[in-house]
Amino acid sequence: MERLQKVIAHAGVASRRKAEQLILDGKVTVNNKIVKELGVKVGVRDKVEVEGIPLQQEKKVYFALHKPRGFISAVADDKNRNTVADFFDRIVPERVYPVGRLDYDTAGVLLMTNDGEFANLMMHPRGEIDKVYLARVKGIANQENLRPLTKGVSIDGYKTKPATVELVSVDKKNNSSLVRLTIHEGRYHQVKKMLDAVNLPVKKLRRERFGTIDVNGLAQGEFRPLTPHEVKTLMATANDPHHVAQRPQDLGKMRRY
Ligand code: URA
């Protein structure tokens, strides 16, 4: 079930804001009844009409984007910065939006979809979907200063869930280290704040994997459709973290960073 204004916007009839106005103006019917409240949710079987014209609900689409740095994870920006939706304009007819977000200066795997239920499922921490990040940090990391991350650290008055941490390499000359962190949560600036909490501030961040999905073989700014099997696996994992064994991390392969 999705909010009526979202369904109208996704069908390409109007922006979300205009869709809200159409509802408030009494121009939208659900199953032949005028709906004037904004909170109403509809499913795929509901008959929605806008000004008497039936809505064609979009087919659901799912993509993995290799997000470059310098793009915001949104479909529009009031400061007119580049957004991840720009890559899909004029190529993908459906209105896709990001599943969660990567920071403006973070690169890597970002799922894009027009399926709100899927997006919510992916973002719910209960789903325990692995999110694997590779961070270039300032300072010399070692087992000792990384250990608190495996137990949980305090960020913004909240204790993070235990993370899996791997020290990939240390660059003594440049006083920096490469750390791989696997987390299930997705709070705002979570990885940066976690590494700040152990005095290893992030200089550069990349998401290598979201669940079973990576962007190997895609250049920055390129995207590919997820296969039905990939979508099913992600949903099964989110619904029951123990249901599907996730692909083990490919530790041997280091990508350019
Ligand atoms: N954590 C962060 O700090 N930034 C991201 O972009 C993703 C996770």
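How many nonpolar, polar and charged residues does the lining of the largest pocket have? In this predicted model, the lining has 10 nonpolar, five polar and six charged residues. The volume of the largest pocket is about 380 Å³. In total, 21 residues line the largest pocket, and those closest to its centre are Arg101, Tyr133, Gly186, Arg187 and Arg207. Several elements contribute to this lining. At least two residues each come from H3, E10, helix H5 (190-197) and strand E15 (202-210). The largest share belongs to E15, which supplies three residues.

The ligand was examined next. Around the ligand are Leu102, Asp103, Thr106, Tyr133, His189, Gln190, Val191, Lys192 and Leu205. In Thr106, a polar side-chain atom lies 2.9 Å from an oxygen atom of the ligand. Val191 places a polar backbone atom 3.1 Å from a nitrogen atom of the ligand. For Lys192, a backbone N or O atom lies 3.0 Å from an oxygen atom of the ligand.

Asp130 sits in the loop between helix H3 (116-123) and strand E10 (131-138). Both H3 and E10 supply residues of the lining of the largest pocket. Asp130 is buried, because its relative accessible area of 15% falls under the 20% cut-off. The side chain of Asp130 makes a polar contact with the side chain of His184, at 3.0 Å.

Helix H4 covers residues 143-151. At the start of H4, a side-chain oxygen of Asn142 comes to within 3.0 Å of the backbone nitrogen of Glu144. Gly152 follows H4 and has a positive phi, near 120°.

Elsewhere, four strands form an open sheet in the order E3-E2-E5-E6, with antiparallel pairing. Strand E3 (33-34) and strand E6 (53-54) stand at the edges. Each has a single partner strand, so one side of each is left without a neighbour in the sheet. Strands of a sheet pair through backbone hydrogen bonds, either parallel or antiparallel. Strand E2 (residues 28-30) runs antiparallel to E3, and two bridges join them. Within this pair, Thr29 stands opposite Ile34 in E3.

Conventions: Residues numbered from 1 in each chain as written. Predicted model: local features only at pLDDT ≥ 70, side-chain atom pairs only at ≥ 80, totals over all residues. Heavy atoms only, no water. Pairing = 2+ DSSP bridges. Buried < 20%, exposed > 50% of the residue type's maximum accessible area, 1.4 Å probe, protein only. Polar contact = N/O pair within 3.5 Å; in protein donor to acceptor, adjacent residues only side chain to side chain. 1 Å grid on protein atoms, 1.4 Å probe; cavity = no way out; pocket = protein on both sides within 12 Å on 5 of 7 lines; lining within 4 Å. Points joined across faces, edges and corners; volume = space filled by probe spheres on them. Nonpolar A, V, L, I, M, F, W, Y, C, P; charged D, E, K, R; others polar. Near = heavy atom within 4 Å.
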